[in-house]
Amino acid sequence: MKTNLILDTDSYKSSHFLQYPSGTDYMCSYLESRGGRFPNTIFFGLQYLLKEYLSKPITLEDVNEANNFFTKHGLPFPLNEWTYIAKDLSGKLPIKIRAVPEGTLVPTGNVLMTVESTDPKVFFITSWVETLLMRLWYPITVATQSFMLKKLILKFLEETSDDPMQEISFKLHDFGSRGVSSREQAMLGGASHLVNFLGSDTVVGIQMANEYYNSEMAGYSIPASEHSTITSWGKENELLAYENMIKKFSKPGSLYACVSDSYDIFNACENLWGTSLKERLIETGGTLVIRPDSGDPVTVLTKVFEILASKFGTKLNSKGYKVLNAVRVIQGDGVEEDSIQKILSTLKERGFSASNIAFGMGGALLQKLDRDTQKFAYKCSAIRIDGKERAVAKNPITDLGKKSKSGILELVTRKAKIETIRREELETEDEKLLHTVFENGEILEDTTLESIRKTANSNL
């Protein structure tokens, strides 16, 4: 289907222009995470929505299509108002969006973005675009989860490795493209992960980060096998399949990964990689990354590390932890926050550095979350009626956690603490964090992934 911004909303929005008080000519709404799994969020994804959707002019064709749809759909439609936008405003949306810089870590319960109407004739557009802008919950939540996992892994690297900051960028690899519901979700989720890490197999996510966030190459990967490339040789030729991996990909300084549990992961580590192919593997100078892909991760990895240490040997780093010679391990099955914590804790207890292992995360990274993971809300906080501004809010007695904010809001740093305040409460020393990024159809700021990464990393 052709994208029609007018139709990228909820059905009931079409009747709302008839429901506001007479004389209303201004509306301000805001986006926030009210709480949830993580105490902070990493803001990301707005620039994609601005470039892909909100900056593209509304046409009369769009208006007529929407009018036809809603008429048949059984709802009134603000035909005159949308025609006014298409003709008199040259199709440019009369809204102003202020937001925190992408990559900013913001405590939950604070405003992340405000959306204000700029034309009294079509003030309700602020609410009309809620549906589209609310979808920011997804890239923000993925970027936030990825950031929190980065902090977790970095903690173990700092305790057990020689160069934590050099290693961290490739410790969590995105395996999630096949585990999501659509190409666009893979794009958004994949790009969100790249705020924090450099490793990804989600090609469309890397493409999105490159194109919409001005990056030459946002993510990287290495040659790696899948079960079909191993099992196609037959069980009796498993050794030849592994030998082929060495022949094709192993050279000084190279990294290549091989799934090794098609039959017996322990036999593969001890007798195939660790005995028959050991000398050739070492001679070629590459680093083999062995991938277990089944069983209980902690149990399997514990035994795999014991075998690899006995076969390839280890050296002690400056912090007294063992680092495997010639081989590493990537765990890509059953990976989530709890399993990462258990795996790294177990390896540390057994004297192994976190340098030895990386993680591949799929559905749990890009799919196993929803809007309520961080309790996202987009609410109207102020309107103007007959020239008089009015703060508005909801405050349901049945759920005080859903109480919304009122007034025209600012996000500020005050005495080294991030706070949400009303505009009239601003003090001279407050540092304002919301920047105007979009106004009347025009994108006013165009940030880069590199800049976003620096902002996010400053919070580590």
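This report describes the predicted model of a protein, from its overall make-up to selected local features.

## Overall make-up

The protein has 460 residues, and 52% of them are buried. Its secondary structure consists of 17 helices and 19 strands. The C-alpha trace spans about 85 × 50 × 40 Å along its principal axes. Of the contacts between residues at least 6 apart in sequence, 75% join residues at least 24 apart.

An open sheet is formed by three strands in the order 16-15-17, with antiparallel pairing. Strand 16 (417-422) and strand 17 (431-432) are its edge strands, each pairing on one side only. Strand 15 comprises residues 409-414 and is joined to strand 16 by six bridges. Strand 15 also pairs with strand 17, here over two bridges and again in the antiparallel sense.

Individual residue pairs show how these strands are set against one another. Leu409 has Arg422 of strand 16 as its bridge partner, and Glu410 is bridged to Ile421 in strand 16. Towards strand 17, Val412 stands opposite Lys432. The hairpin of strand 15 and strand 16 has two residues between the strands, and in this hairpin Lys415 takes a positive phi near 55°.

How far is strand 15 enclosed by the rest of the structure? Strand 15 is largely enclosed, because five of its six residues are buried.

## Helix 17

Helix 17 covers residues 449-457, and its residues Leu449, Ile452, Arg453 and Ala456 are buried. These four lie on the same side of helix 17, because they cover an arc of only 100° around the axis. An α-helix has 3.6 residues a turn, so residues three or four places apart point the same way. Glu450 and Lys454, on the other side of helix 17, are exposed.

## Aromatic pairs and charges over rings

The whole structure contains 15 aromatic pairs. One of them is edge-to-face: the ring centres of Trp82 and Trp128 are 5.3 Å apart and the ring planes stand at 70°, an angle over the cut-off of 60 degrees, which is why the pair is classed in this way. This pair links distant parts of the chain, since Trp82 belongs to helix 3 (residues 79-87) and Trp128 to helix 4 (residues 125-128), 46 residues apart. Both Trp82 and Trp128 are buried. The two residues also belong to a cluster that ring pairs build from Phe17, Tyr20, Phe69, Phe70, Phe77, Trp82, Phe123, Phe124 and Trp128.

Lysine residues are placed over aromatic rings at two sites, listed below with the distance to the ring centre.

| Lysine | Ring | Distance to ring centre |
|---|---|---|
| Lys155 | Phe156 | 4.6 Å |
| Lys303 | Phe266 | 4.3 Å |

## Cysteines

How many disulfides does the model contain? The count is zero. For Cys258, the closest cysteine sulfur is that of Cys269, at 10 Å, which is too far for a bond because a disulfide requires sulfur atoms within 2.5 Å. Cys269 is likewise in no disulfide, its nearest cysteine sulfur being that of Cys258. Cys258 is buried, with a relative accessible area of 0%. Cys269 also counts as buried, at 0% relative accessibility.

## Leu277

Leu277 is placed in the loop between helix 12 (265-276) and helix 13 (278-284). Is this residue buried or exposed? Leu277 is buried, because its relative accessible area of 4% falls under the cut-off of 20%. Apart from neighbours within four places in sequence, Leu277 is in contact with Leu239, Tyr242, Glu243, Ile246 and Leu272. The C-alpha atom of Leu277 is separated by 35 Å from that of Ile206, a residue 71 places away along the chain.

Note on methods. Residues are numbered from 1 along each chain as its sequence is written. This is a predicted model: local features need pLDDT of at least 70, side-chain atom pairs count only at pLDDT 80 or more; totals for chains, interfaces and linings use all residues. Side-chain values use heavy atoms; hydrogens and water are left out. Buried means under 20% relative accessible area, exposed over 50%, partly exposed in between (1.4 Å probe, protein chains only). The arc is that of the directions from the helix axis to the C-beta atoms. Two strands pair if DSSP finds at least two bridges between them. Rings of Phe, Tyr and Trp (its six-membered ring) pair if their centres lie within 6.5 Å; planes under 30 degrees apart count as stacked, over 60 as edge-to-face and the rest as tilted. A charge sits over a ring if NZ of Lys or CZ of Arg is within 6 Å of the ring centre and within 35 degrees of the ring normal. Contact means heavy atoms within 4.5 Å.
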